[in-house]
Amino acid sequence: MNRAFAYLGLAPGGILLGNPLSDWAYALSLGLATFVILLFLRRQLGQRALRFAGMELPQGVRLLLTLLRKTQPFVLFAVSLLVGSKYLDLGARAERVTTVVIVVLLALQIGIWLSALVRFYLEAQSAHATDRSAQTMVTIVQFVANLIIWSLVLLLALDNLGVQVKALLTGLGIGGIAVALAVQSVLGDLLASISIALDKPFAVGDALTLDQGYAGTVEAIGIKSTRLRSATGEQIILPNSELVRVRIRNFGRLTQWRSVFRFGIACGTPAASLEAIPRIVRAAVTAQPAARFERAHFVSISATALDFEVSYAVASADYGTFLDTQQAINLALTAELERRSIAFAAPVQAVTIARDAAAATSVR
């Protein structure tokens with residue numbers, strides 16, 4: 001009988017690991033009751049949270065409900081284990097194991113809560129943003145925040161498991177330099193994506209033209225690359241590290257299009273006709289509802305043409321609307337000049353014959 005007690009860890013008289021069986025039963029009952037109560041409260045609060053899902057609640061209340069939904073059952077087990085173990089006189093080894101289990105489980109839950117907290121505030125900020133890059137910023141910043149949070153959770157867990165974290169960090173620091181040199185292009189793209197998310201030079205849906213000759217509409221901004229859809233249909237994939245170094249013309253931020261152009265009138269046109277041309281241009285521009293006339297002037301005289309410069313704006317960001325308005329203005333201007341017999345300057349082509357070549361031709 002004594003051997004059976006020893007095999008089970010029981011001493012004669014009902015002692016297990018230095019504690020009477022009655023204390024074990026009390027601690028187990030207390031821990032189990034704590035776990036059941038916490039599960040019941042979590043379920044009840046979760047059901048109540050669903051009832052308020054469609055209501056406008058204060059930000060603090062919504063945050064508490066979000067953290068409640070992210071509370072995992074294992075953290076309830078850790079709390080129950082902590083409550084039950086307080087009524088037992090465990091040895092140093094068992095106390096150490098219990099403490100490590102509780103700390104690791106709590107660290108995992110804290111990591112989940114912190115990740116949910118960051119996402120909650122990012123989505124709250126992006127909800128008030130008017131630009132289309134808000135979701136991209138949420139994705140990139142959430143990724144970086146999760147990387148930091150779970151790295152700290154891992155280090156805390158390793159420290160409680162007895163791993164020498166300082167020595168590990170030193171080794172990782174040395175190895176990290178080598179890894180960083182090997183993947184510096186990837187890290188450069190990652191940092192560039194964070195820069196794009198915070199500075200917001202463009203957003204999804206913007207039409208871009210780069211000084212490298214690429215042009216297209218932004219389809220997605222990722223952690224490593226940005227994807228453009230060109231006018232001819234193909235997808236252009238550009239590393240983020242290149243995008244932060246090049247000049248970008250962002251047509252997505254246009255509120256209106258402006259046209260500034262020149263045209264030449266034939267030399268010898270009467271002064272009265274030249275004086276009427278700015279009024280003709282003004283009438284052609286103001287006839288279009290989307291156009292706003294700015295100026296039209298007789299700006300220069302050359303040996304081949306009398307030059308006029310015109311400027312007007314089209315109050316639309318749509319390129320098709322701008323082209324339609326521009327075409328209508330050009331047609332109206334051309335028709336009115338024809339009606340008044342005012343001719344455009346004809347292009348002049350100069351032909352130069354070398355003197356030696358001409359002399360050689362005459363000899364023959």
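R295 is partly exposed, with a relative accessible area of 30%, where buried denotes a value under 20%, exposed one over 50% and partly exposed anything in between, with a 1.4 Å probe and protein chains only. The model is a predicted one, in which local features need pLDDT of at least 70 and side-chain atom pairs count only at pLDDT 80 or more, whereas totals for chains, interfaces and linings use all residues. Residues are numbered from 1 along each chain as its sequence is written, and side-chain values rest on heavy atoms, with hydrogens and water left out.

The side chain of R295 meets that of E309 in a salt bridge at 2.7 Å, N to O, a salt bridge being a side-chain nitrogen of Lys or Arg within 4 Å of a carboxyl oxygen of Asp or Glu. Because R295 belongs to strand β10 (residues 291–301) and E309 to strand β11 (residues 306–314), the pair ties together parts that are 14 residues apart in sequence; strands (E, at least two residues) and helices (H or I, at least four) are DSSP runs numbered from the N terminus. E309 counts as buried, at 17% relative accessibility. In total, the structure holds 9 salt bridges, and R258, R292 and E294 are linked in a network of such contacts.

Side chains of opposite charge can pair when their charged atoms come close. E336 takes part in a salt bridge with R339, for which the closest N and O atoms are 2.7 Å apart. The two residues, E336 and R339, are 3 residues apart in helix α11 and are therefore separated by about one helical turn. E336 also meets R340 in a salt bridge of 2.8 Å, N to O. R339 is exposed, with a relative accessible area of 59%, while R340 is partly exposed, at 41%.

Two packed helices are described by the angle between their axes and the distance between the axes. The axes of helix α10 (residues 271–286) and helix α11 (residues 319–339) come within 9 Å and cross at roughly 140 degrees, the axes being lines fitted to C-alpha atoms over the stretch in contact and the angles running from 0 to 180 degrees between N-to-C directions. The helices α10 and α11 are therefore oblique to each other, since angles under 35 degrees count as roughly parallel, over 145 as roughly antiparallel, 65 to 115 as roughly perpendicular and the rest as oblique. The crossing of α10 and α11 is right-handed, that is, the near helix is turned clockwise from the far one by less than a right angle.

The loop between β9 (257–265) and α10 contains G268, which is exposed at 74% relative accessible area. The C-alpha atoms of G268 and A343 are separated by 10.0 Å, although the residues are 75 apart along the chain. S341, in the loop between α11 and α12 (355–363), is exposed with a relative accessible area of 67%. Most residues other than glycine have a negative phi, but phi of S341 is near 60 degrees, a positive value in a residue other than glycine.

A nonpolar surface patch of about 370 Å² is made by V79, L106, I110, W113 and L114; patch members have over 30% relative accessible area and no salt bridge, with nonpolar side chains (Val, Leu, Ile, Met, Phe, Trp, Tyr) joined within 5 Å and like charges within 9 Å. The largest share of the patch, 4 residues, comes from helix α5 (residues 92–127). L106 is found in helix α5 and counts as partly exposed at 31% relative accessibility.

Conventions. Areas by Shrake-Rupley, 256 points an atom, 1.4 Å probe, with all protein chains shown as cover.
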